[in-house]
Amino acid sequence: YFGASKGHSAGHNSNPHMKAAADARARGMKMVVIDPFCNFAAAKATNWVPIRIGTDAALALGMANLMVNELGLYDAAYLKAKTNAPYLIGPDQRYVRDAETDKPLVWDEATGKAVPWDRANAADMALKGAFEAAGVACKPAFQLLAEHLETYTPEKAEEISTVPAADVRRLAHEFGTEARIGSTIVIEGVEIPYRPVAAVAFKGSNGHKNAAYNMQAVDLLNQLVGAADVVGSALGFNPVCHGYPETGRLRYVPHPD
């Protein structure tokens, strides 16, 4: 919970949610509450993490940096198949597009060339590297994200948020590990992804002038491990993920196009 109290006397449908949260805790749910105050939720948390007001993004990005660049705790299959992470980005910060179809290009590792995203198997799409496509130097969106995240070291996160660097490392490892990346569950005979983690933000994170960045950074944690609208994960929480009009793919990197 980043500045949220869902299921703990606050939020929509508070009474039903209080019972659901209590039942989950009784089943062994681990709850980490990141909040300046030891509020209703923090008082019942497994771990309360005090933080400087309005700095949720710094902590979330510090965690994301560790998950991507140090621990390797991200769902590559999900990012390739369901997001724009493999889309190639040119020097102008825009998608590199196919001249005929205008569809974003990805680097197909099976053929060693750039192709429209829907002409490559998701498993063969490159998430990292530097390439040349349509006559321009480019990199997958995920590569650029990884490079950007490198600037958010645990020490920088601590300086901004006051959360100790050691706790930033612990939280990143716990979140990425508990996501059980690659796991599935069978419900009514159907095998579907299982990601029993959720990074949830609410008024505490979005009640500031940098609210959009706080919310984007928090939801990035869900996207990295594929914990978005699947069993055990954050449900219906997509402040920065919009259906790509002609494809239905998720977009976790905001872009003017």
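Visitor: Which residues are linked with Asp 167 in a network of salt bridges?

Guide: In this predicted model, the network of salt bridges links Asp 167 with Lys 30, Arg 170 and Glu 174.

Visitor: What makes the contact between Asp 167 and Arg 170 a salt bridge?

Guide: The N to O distance between the side chains of Asp 167 and Arg 170 is 3.6 Å, and because a salt bridge asks for a side-chain nitrogen of Lys or Arg within 4 Å of a carboxyl oxygen of Asp or Glu, the pair qualifies as a salt bridge. The two residues are three apart in helix H6, which means that about one helical turn separates them.

Visitor: Why is Asp 167 called partly exposed, and why is Arg 170 described in that way too?

Guide: Partly exposed covers relative accessible areas between the 20% limit for buried and the 50% limit for exposed; Asp 167 has 25% and therefore counts as partly exposed, and Arg 170, with 28%, is partly exposed as well.

Visitor: How do you know that Arg 169 forms a salt bridge with Glu 70?

Guide: The closest N and O atoms of Arg 169 and Glu 70 are 2.7 Å apart, and a salt bridge requires such atoms within 4 Å, so the pair is counted as a salt bridge. This pair links distant parts of the chain, with Arg 169 in helix H6 and Glu 70 in helix H2, 99 residues apart. By the rule applied here, the count of salt bridges comes to eight.

Visitor: What do Asp 75 and Arg 195 tie together?

Guide: The side chains of Asp 75 and Arg 195 meet in a salt bridge at 2.8 Å, N to O. Asp 75 lies in the loop between H2 and H3, and Arg 195 in the loop between strand S9 and helix H7, so the pair ties together parts that are 120 residues apart in sequence. Both Asp 75 and Arg 195 are buried.

Visitor: Why does Lys 80 have no salt bridge?

Guide: The nearest side chain of opposite charge, that of Glu 109, is 4.8 Å away from Lys 80, and because the limit for a salt bridge is within 4 Å, Lys 80, although buried, has none. The side chain of Lys 80, a residue in helix H3, does reach the backbone oxygen of Ala 123 at 3.2 Å, and the backbone oxygen of Met 125 lies 3.4 Å from a polar atom of that side chain.

Visitor: What makes the aromatic pair of Tyr 74 and Phe 142 tilted, and what is the pair of Tyr 87 and Tyr 95 called?

Guide: The planes of Tyr 74 and Phe 142 are at 45°, with 5.0 Å centre to centre; since stacked means under 30 degrees and edge-to-face over 60, this pair is called tilted. Tyr 74 lies in the loop between H2 and H3 and Phe 142 in helix H4, so the pair ties together parts that are 68 residues apart in sequence. Tyr 87 and Tyr 95, at 5.2 Å centre to centre and 75° between the planes, form an edge-to-face pair.

Visitor: Why is Ala 234 called buried?

Guide: The relative accessible area of Ala 234 is 6%, and buried means under 20%, so Ala 234 is buried. Leaving aside neighbours within four places in sequence, Ala 234 is in contact with several residues, among them Val 197, Asn 222 and Asp 229.

Technical notes: Residues numbered from 1 in each chain as written. Predicted model: local features only at pLDDT ≥ 70, side-chain atom pairs only at ≥ 80, totals over all residues. Heavy atoms only, no water. Helix = DSSP H or I, 4+ residues; strand = E, 2+ residues; numbered from the N terminus. Buried < 20%, exposed > 50% of the residue type's maximum accessible area, 1.4 Å probe, protein only. Lys, Arg positive; Asp, Glu negative; His and termini not counted. Polar contact = N/O pair within 3.5 Å; in protein donor to acceptor, adjacent residues only side chain to side chain. Contact = heavy atoms within 4.5 Å. Phe/Tyr/Trp six-rings, centres within 6.5 Å; stacked < 30°, edge-to-face > 60°.
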